[in-house]
Amino acid sequence: MAGVGKKRLAASPSRLWATLRSIWQDKHLILFKAEYTFLVAAVLWFLEIGVNVWVIQKVAYTEIDWKAYMDEVEGVINGTYDYTRLKGDTGPLVYPAGFVYIFTALYYITDHGVNVRLGQYLFAAFYLITLLCVFHIYHRTRKVPPYVFFFVCCASYRIHSIFVLRLFNDPVAMMLLFGAVNLFLAGRWTLGCVLYSLAVSVKMNVLLFAPGLLFLLLTEFGLLRTLPKLLLCAVIQLLLGLPFLLENPIGYVSRAFDLGRQFLFKWTVNWRFLPEWLFLSRYFHLTLLLAHIFTLALFAWKRWKRPGESMWGLLKDPAQRIQPAQKLTSDRIVLVLFTSNFIGMCFSRSLHYQFYVWYFHTLPYLLWSGGVRKMAHLLRVLILGLIELSWNTYPSTNYSSASLHVCHLVILLCLWFNPTPPAQEKGKRQ
């Protein structure tokens, strides 16, 4: 036994030396080979610590919603549980109960919201946690060349602004969402659904991932074993909202989950080239909703399911299907979830500047998953740059909005021509 132990100890340095030698030999390819994702991501993550500290110290904080958030949760702390009576400087409270609990904790940690600088550092921590989750997803799928991660983190002014200079609730929701995606990749579906529901409880935009998640659950478990997970998500929402539901159930649901809320034309990033009357038209909103549903159905029917697989067959237990049940690959899980969210972004009634974080970290994956194999790396990077430019143009212009839609259309078409990923991968069902 002692001899075996010595051999293992001797093998470890040899293995390490072989790894280092391989890296040195491929040093000119490190930024282009997906197997070096972990190495490049680790370096960038540590650099991001310094970047965030520099931004917080050197760039002026801009007050937009933080004070309103603190006013809203202060109303709850003071005993008001009627959602129709909770409001801040920028308007009424329109987020679900999870938002209230998380920002109540931030309220106390930041000395009743007064210590904004501490709040900025907390959001820098949220940013770093989000990056860890995102990098782990890219490490698992290994589709994107590592040099692209520079654009995912260090190069985006708008994303740093949303996290540490504006302190919006959107980053908190997305941090929880990417945590849920990592759990799905690990085969921890039940726990992933818990975290997903918590993300929804912070902001409703996470529901854009719901069609893709439902498709994956049905694919993996069939209808009967999916229902308990859907029920779990619903129960979490019920428990979180219970104090407010007991006080004014209609008020809570209508405010926290207001799907028909009207957006202001002056803040739109994606529809600036439309006349304001059309932007505000309910018929236009209905048209976008129908286009959204139709596109989702088309992708589910033609791109997400395996060839020869029946949509109705997904309702059956995997063991009883005509085609043998296969495990979902990491690539298929991520592709379906990110595509579901992206389709929702394409047909949104309005996108405000902080909404960029809803899909920013998914864009490289979507671009490098596109089925147009001849699309050069430079063209993909150009599309990322144009999208970044569109979101950084303030106020938005006809050209910035139009270019954003063109970029969205290119990505959507690339995803449509993307072949269905293979479905078999070893893993656990939970």
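**Core and helix packing in a predicted model**

User: Which residues have the most contacts inside the largest nonpolar core?

Analyst: Happy to start there, keeping in mind that this is a predicted model. The largest nonpolar core has 129 residues. Helix α5 (residues 116-141) gives the largest share of this core, 12 residues. Those with the most contacts inside the core are Phe103, Ile387 and Trp391.

User: What does Trp391 touch, not counting residues up to four places away in sequence?

Analyst: Let's take Trp391, one of the residues with the most contacts in that core. Once residues up to four places away in sequence are set aside, Trp391 touches Arg158, Val269, Met345, Leu351, His352, Tyr353, Phe355, Tyr356, Tyr359 and Leu404.

User: At what angle do helix α10 and helix α13 pack?

Analyst: Good one to look for in the structure! Helix α10 covers residues 210-247 and helix α13 covers residues 282-304. α10 passes α13 in a right-handed crossing. Their axes are 11 Å apart, and the angle is about 35°.

User: How many nonpolar, polar and charged residues does the contact of α10 with α13 have?

Analyst: First, find the residues: α10 brings Pro211, Gly212 and Phe215, while α13 brings Leu296, Ala300 and Trp304. Gly counts as polar. By class, this contact has 5 nonpolar, 1 polar and no charged residues.

User: Is Thr226 buried or exposed?

Analyst: You can find Thr226 in helix α10. Leaving aside neighbours within four places in sequence, Thr226 is in contact with Leu214, Leu217, Leu218 and Phe221. Buried means under 20% relative accessible area. Because Thr226 has 0% relative accessibility, this residue counts as buried.

Notes: Residues numbered from 1 in each chain as written. Predicted model: local features only at pLDDT ≥ 70, side-chain atom pairs only at ≥ 80, totals over all residues. Heavy atoms only, no water. Core = buried A, V, L, I, M, F, W, Y, C linked by side-chain atoms within 4.5 Å. Buried < 20%, exposed > 50% of the residue type's maximum accessible area, 1.4 Å probe, protein only. Helix = DSSP H or I, 4+ residues; strand = E, 2+ residues; numbered from the N terminus. Contact = heavy atoms within 4.5 Å. Axes fitted to C-alpha atoms, helices over the stretch in contact; angles between N-to-C directions. Left-handed = near helix turned anticlockwise from the far one by under 90°.
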